[in-house]
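Dear colleague,

Here is the structure I promised to pass on to you, together with its sequence. My notes on what was found in it follow below, and I would be glad if you read them with the model open beside you.

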Amino acid sequence: MENQERHISVWNNCLRVFENLVEPAQFKTWFLPIKPVSLIDSTLTVAVPSDFFREYLEDAYLDIIKKTLKREIGADARLVYVNIPVKGQPSMTYPASTGHAPVNNPIQIATCQPSGTPNPFVIPGVQKIQINPRLNPVFCFSNIVGGACNKMAVAAGQSIAAAPGKTPYNPLFIFGGPGLGKTHIAQAIGVAIKEKFQDLTVLYVTGNEFKTQYMDAVMVRNKLTDFLAYYMKIDVLIVDDIQDMAGQGSQAAFFNVFNHLHQNGKQLVFTSDRAPVDLQNFEERLLSRFKWGLSVELERPDYKTRLEALKARCFREGVTLPLDALEYLAANIKTNFRELEGALITLIAHTTMSRDASPLALARHLAEKLVSEPRREISIDRVQRAVCEYFNISRDEMISKSRRRQIVQARQISMYLSRNLLSNCSLATIGAETGGRDHATVLYACGAVSDLISTDRLIKKYVSDIESILSPA
């Protein structure tokens with residue numbers, strides 16, 4: 001009997017704390033209507049009158065609720081809401097939010113004069129700025145579904161979050177294909193650090209954003225100095241998709257930032273779609289530093305992990321779907337978490353709008369649309385490999401400065417196909433991946449191949465054959 005009523009006594013203890021922290025009218029309106037339902041392990045389930053009630057409670061009082069529960073139940077305390085159902089409607093179950101968006105404390109940065117020649121006898125100004133960490137609290141460790149595919153990365157991330165900059169995992173380099181959870185784990189590290197070490201300054205940025213910021217900085221006198229000073233104040237720097245940080249200038253700037261932060265015991269976390277050894281057009285001194293800490297690969301999730309991911313997402317969305325429908329999706333959508341959850345959201349939408357339809361039948365229909373013709377993702381690397389295999393040359397030969405006719409022909413066809421098959425790929429990126437050539441060279445190559453296709457049957461056949469290899473019917 002005591003165990004059965006433990007949830008009541010725990011909640012009553014919490015209410016006594018809330019009563020001392022909240023205005024009497026607010027306490028009566030927002031806390032007294034809540035009813036404890038159960039306490040299983042460290043998870044307390046409470047019933048609330050409506051979804052609006054739950055949302056307001058979380059917006060206004062989430063912090064004090066979480067702190068009070070941890071004091072009563074322990075550090076692993078979790079809160080789950082059950083909406084009291086309206087007659088004829090099913091009840092809805094939601095986990096408590098992971099928290100509000102983390103914020104950094106303002107920091108002071110020495111800045112140079114905005115214009116003119118710097119005066120060596122004038123001390124630069126000191127600017128107080130607020131750095132937005134750009135962290136999403138939804139991307140936390142508690143929302144990660146663990147499995148063999150990500151076990152090492154999650155464990156390393158949790159170790160870093162407990163002692164940033166003080167573990168052997170500095171930098172932590174996470175790599176793998178799209179949709180496998182690289183961004184989620186990287187952000188979870190930042191969220192956990194801000195939760196435990198509020199005074200640390202955390203920043204999440206993409207490789208492309210760093211490169212763009214650098215290019216903006218070099219256009220304005222003295223702004224590059226301010227740019228470097230800004231990044232050297234960061235305690236935990238998370239760079240997502242670091243493979244996009246192309247360009248010697250931005251890499252040189254990042255090299256200085258890396259050295260300063262690492263030497264001062266600051267934490268560095270990087271993600272990439274490929275291993276450090278496979279990064280193209282990166283300075284060797286940077287690549288060697290990427291390998292200093294721990295490099296860990298994310299793999300495709302197995303069936304069990306995919307099924308658990310679907311169940312967890314259903315729980316977060318407050319919906320219940322038949323197990324056979326979830327099992328069907330898990331068994332048939334094997335690529336990555338992103339496509340799996342995308343299919344689930346679509347299934348939830350169809351189930352909501354078509355109440356008479358069978359969720360399993362809808363799942364089968366969705367799976368057919370999504371996986372009936374599985375295709376490998378096309379990338380510059382894949383285009384180059386296909387061209388090299390077709391012409392029986394090595395990739396090193398293709399991206400070299402060789403002017404042999406066969407090599408030049410293969411190189412130009414590779415650039416032409418990359419531009420035509422990859423819609424979001426810039427000329428500069430194609431050039432960088434083809435031996436560091438500029439965008440004008442790529443533009444010329446694409447024009448030359450395009451002209452030859454209309455006049456040379458052999459070139460037209462080459463291009464057609466390679467396109468067939470890349471996009472099989």
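**Salt bridges**

Lys266 and Asp235 are joined through their side chains in a salt bridge, with 2.9 Å from N to O. Because Lys266 belongs to the loop between helix 8 and strand 10, and Asp235 to the loop between helix 7 and strand 9, this pair ties together parts that are 31 residues apart in sequence. With a relative accessible area of 24%, Lys266 is partly exposed, whereas Asp235, at 14%, is buried. Please keep in mind throughout that this is a predicted model.

The count of salt bridges comes to 12, and a few others deserve a description. One of them is formed by the side chains of Arg134 and Glu209, again at 2.9 Å from N to O; it links distant parts of the chain, since Arg134 sits in the loop between strand 6 and helix 4 while Glu209 is in helix 6, 75 residues apart. Arg134 is partly exposed at 35% relative accessibility, and Glu209 is likewise partly exposed, at 26%. The side chains of Arg285 and Glu283 also meet in a salt bridge, at 2.6 Å from N to O, and Arg285 is partly exposed with a relative accessible area of 35%. Finally, a network of salt bridges links Asp273, Arg274 and Glu433.

Does the length of helix 8 agree or disagree with what its residue count should give? Helix 8 covers residues 248-263, and at 1.5 Å a residue its 16 residues should span 22 Å; the C-alpha atoms at its ends are 22 Å apart, so the two agree. Its buried residues are Ser250, Gln251, Ala253, Phe254, Phe255, Val257, Phe258, Asn259 and Leu261. The elements that cover these buried residues include helix 6 (207-218), helix 7 (223-231), strand 9 (236-240), strand 10 (267-272) and helix 9 (284-290). After helix 8 comes Gly265, which has a positive phi, near 75°.

**The hairpin of strands 1 and 2**

Strand 1 (residues 35-40) and strand 2 (residues 43-48) run antiparallel and are joined by five bridges, and within this pairing Ser38 stands opposite Thr45 of strand 2. Two residues lie between the strands of this hairpin, and Asp41 takes a positive phi near 55° there.

Asn150 lies in the loop between strand 6 (125-129) and helix 4 (151-162), and its relative accessible area of 5% makes it buried. Leaving aside residues up to four places away in sequence, Asn150 touches Ile144, Val145, Ile185, Leu298 and Phe337.

**Confidence**

The protein chain has a mean pLDDT of 84, and 88% of its residues reach 70 or more. Over residues 115-123, however, the pLDDT is below 50, and this stretch has seven contacts in the model beyond near neighbours in sequence. Where pLDDT is low, the predicted coordinates should not be read in detail.

Conventions: Residues numbered from 1 in each chain as written. Predicted model: local features only at pLDDT ≥ 70, side-chain atom pairs only at ≥ 80, totals over all residues. Heavy atoms only, no water. Pairing = 2+ DSSP bridges. Helix = DSSP H or I, 4+ residues; strand = E, 2+ residues; numbered from the N terminus. pLDDT = per-residue confidence, 0-100. Contact = heavy atoms within 4.5 Å. Buried < 20%, exposed > 50% of the residue type's maximum accessible area, 1.4 Å probe, protein only. Expected span 1.5 Å × (residues − 1). Salt bridge = Lys/Arg side-chain N within 4 Å of Asp/Glu carboxyl O.
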